[in-house]
Amino acid sequence: MATITLTESTFEHTVSGADIVLVDFWAAWCGPCRMFAPVFEAAAAAHPDIVFGKVDTEAERNLAAAAGIRSIPTLMAFRDGILVFSQPGALPAPSLEQLIAAVRALDMDDVRAQVAAASAATA
């Protein structure tokens with residue numbers, strides 16, 4: 001599957017509507033972003049069951065701000081609509097594959113319990 005462009009109007013629906021979603025926050029002027037792009041595209045082709053989205057931080061400033069993007073590229077991983085990974089920096093292909101395997105292996109019942117506990121602790 002090819003990557004898809006995410007915008008402020010499509011981001012939430014995409015993230016909440018798929019099992020696993022990886023999102024690359026990038027900008028055209030960013031050298032590390034350009035280096036990471038082919039790695040991200042190759043992973044998208046290798047994992048057609050995962051949604052690979054890209055957010056152009058220049059075109060989607062409000063979305064980037066809402067996501068707390070301070071450095072690009074930043075990669076986020078969502079599983080069942082829950083943010084399970086967020087890290088700035090371009091990943092090499094083997095590290096991206098490890099991340100994908102780790103996200104697939106998550107016990108989502110445990111993750112949901114942790115999210116609920118954290119919400120209860122701050123309430």
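Predicted model: local features only at pLDDT ≥ 70, side-chain atom pairs only at ≥ 80, totals over all residues.
Start your tour by selecting Val 103, which touches Ile 20, Ala 77, Arg 79 and Val 84 when residues up to four places away in sequence are not counted. Here and below, contact means heavy atoms within 4.5 Å. You will find Val 103 in helix α4. Helices (H or I, at least four residues) and strands (E, at least two) are DSSP runs, numbered from the N terminus. Is Val 103 buried or exposed? Val 103 is buried, with a relative accessible area of 4%. Buried means under 20% relative accessible area, exposed over 50%, and partly exposed in between (1.4 Å probe, protein chains only).

Residues are numbered from 1 along each chain as its sequence is written, and side-chain values use heavy atoms, with hydrogens and water left out.

**Zoom out to the whole protein**

Show the whole chain as a cartoon. How many helices and strands does the protein have? There are 5 helices and 5 strands. Followed along the sequence, the pattern reads β-α-β-α-β-α-β-β-α-α. The radius of gyration of the protein is 14 Å, close to the 14 Å that the globule rule gives for 123 residues, so the protein is as compact as a globular protein of that length. That radius is taken over C-alpha atoms, and the globule rule is 2.2 Å times the number of residues to the power 0.38.

Turn the model around: the C-alpha trace spans about 40 × 30 × 25 Å along its principal axes. Of the 123 residues, 38% count as buried. Among contacts with a separation of 6 or more, 72% come from residues 24 or more positions apart.

**Two helices side by side**

Now select residues 31-46, helix α2, together with residues 93-105, helix α4. Two packed helices are described by the angle between their axes and the distance between the axes. Here α2 and α4 pack at an angle of about 40°, with their axes 10 Å apart. That makes α2 oblique to α4. Axes are lines fitted to C-alpha atoms, for helices over the stretch in contact, and angles run from 0 to 180 degrees between N-to-C directions. Angles under 35 degrees count as roughly parallel, over 145 as roughly antiparallel, 65 to 115 as roughly perpendicular and the rest as oblique.

Show side chains to see which residues make this contact: Phe 36, Val 39, Phe 40 and Ala 43 on α2, and Ala 93, Leu 96, Glu 97 and Ile 100 on α4. By type, the residues of the contact of α2 with α4 divide into 7 nonpolar, no polar and 1 charged. In this sorting, Ala, Val, Leu, Ile, Met, Phe, Trp, Tyr, Cys and Pro count as nonpolar, Asp, Glu, Lys and Arg as charged, and the others, Gly among them, as polar.

**A stop at Trp 26**

Select Trp 26 in strand β2. At 23% relative accessibility, Trp 26 counts as partly exposed. Leaving aside neighbours within four places in sequence, Trp 26 is in contact with Cys 33, Lys 54, Val 55, Asp 56, Thr 57 and Ile 72.

**Loops worth a visit**

From Ile 72, step along to Pro 73: the peptide bond joining Ile 72 to Pro 73 is cis, with omega near 0°. Pro 73 sits in the loop between α3 (61-66) and β4 (74-79).

Next comes Asp 80, in the loop between β4 and β5 (82-88). Asp 80 has a positive phi of about 55° although it is not a glycine. Most residues other than glycine have a negative phi, and most peptide bonds are trans. At 35% relative accessibility, Asp 80 counts as partly exposed.

Then select Gly 17, in the loop between α1 (11-16) and β2 (20-26). Gly 17 counts as exposed, at 62% relative accessibility.

Finish at Glu 8, in the loop between β1 (4-5) and α1.
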